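Let's take a walk through this structure together. Have the sequence and the 3D view open as you read.

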Amino acid sequence: MAFTPYHNVLGSSGVDTQLLAPGVGVGSIKSIMVTNVHASVDATVTLYLYQASTASKYNIIHTIAIPADTSLLLDNSALLSFDNSASGYGLYVTVGSSDTVDILINQ
């Protein structure tokens with residue numbers, strides 16, 4: 001699987017969306033921009049790392065409400081550096097059931 005920097009995520013209750021699969025080789029991210037594209041409703045976003053082999057999950061942000069027409073910039077490269085080897089972590093997002101967000105990943 002290749003690195004994909006741009007994602008349009010449509011909410012569905014309890015559905016996780018994979019942004020970076022383990023083994024893609026992107027373990028150091030400079031920034032992640034999460035934009036709520038809805039004109040009038042907050043988006044609820046959880047962004048996390050997950051390692052399937054150990055069932056380890058680590059939240060980067062958890063159920064953060066992003067106001068309508070607003071972006072959240074995560075730009076702490078130390079926080080966004082992780083083991084993305086084949087046996088390492090993947091990056092995932094969960095959004096609220098009626099939410100739509102754009103996610104841009106800068107490496």
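What follows goes from the overall fold to the core, then to one threonine and the aromatic rings.

First, some ground rules: this is a predicted model, in which local features need pLDDT of at least 70, side-chain atom pairs count only at pLDDT 80 or more, and totals for chains, interfaces and linings use all residues. Residues are numbered from 1 along each chain as its sequence is written, and side-chain values use heavy atoms, with hydrogens and water left out.

Start with the fold. The chain has eight strands and zero helices; both are DSSP runs numbered from the N terminus, with helices being H or I over at least four residues and strands being E over at least two. Along the sequence, that reads β-β-β-β-β-β-β-β. The radius of gyration is 13 Å, close to the 13 Å of the globule rule for 107 residues, so the chain is as compact as a globular protein of that length. (That radius is taken over C-alpha atoms, and the rule is 2.2 Å times the number of residues to the power 0.38.) Along the principal axes, the C-alpha atoms fill a box of roughly 40 × 25 × 20 Å.

How much of the chain is buried? Of its 107 residues, 41% count as buried, where buried means under 20% relative accessible area, exposed over 50%, and partly exposed in between, using a 1.4 Å probe and protein chains only. Now look at contacts, meaning heavy atoms within 4.5 Å. Among those between residues at least 6 apart in sequence, 75% join residues at least 24 apart.

Next, the inside. A nonpolar core is a set of buried Ala, Val, Leu, Ile, Met, Phe, Trp, Tyr and Cys residues joined through side-chain atoms within 4.5 Å. The largest one here has 26 residues, and I29, I32, V45, L47, L91 and I103 touch the most other members. Two or more residues each come from β2 (16–20), β3 (31–36), β4, β5 (56–66), β7 (90–95) and β8 (100–106), and β4 gives the largest share, four residues. Leaving out residues up to four places away in sequence, I32 touches L47, L72, L73, L74, L80, L91, I103, L104 and I105.

Stay with strand β4 (residues 43–51), where you'll find T46. Is T46 buried or exposed? At 9% relative accessibility, T46 counts as buried. A polar atom of the T46 side chain lies 2.9 Å from the backbone nitrogen of T63.

Finally, the rings. Rings of Phe, Tyr and Trp (its six-membered ring) pair if their centres lie within 6.5 Å; planes under 30 degrees apart count as stacked, over 60 as edge-to-face and the rest as tilted. That rule gives three aromatic pairs. Y48 and Y92 are stacked, at 5.7 Å centre to centre with 15 degrees between the planes. Y48 sits in strand β4 and Y92 in strand β7, so this pair ties together parts 44 residues apart in sequence. Y48 is buried, at 4% relative accessible area, and Y92 is buried too, at 14%.

For Y58 and Y89, the centres are 5.9 Å apart and the planes at 65 degrees, so that pair is edge-to-face. Here Y58 in strand β5 is linked to Y89, in the loop between β6 (71–74) and β7, 31 residues apart. Y58 counts as partly exposed at 45%, whereas Y89 counts as buried at 17%.

Key:
Polar contact = N/O pair within 3.5 Å; in protein donor to acceptor, adjacent residues only side chain to side chain.
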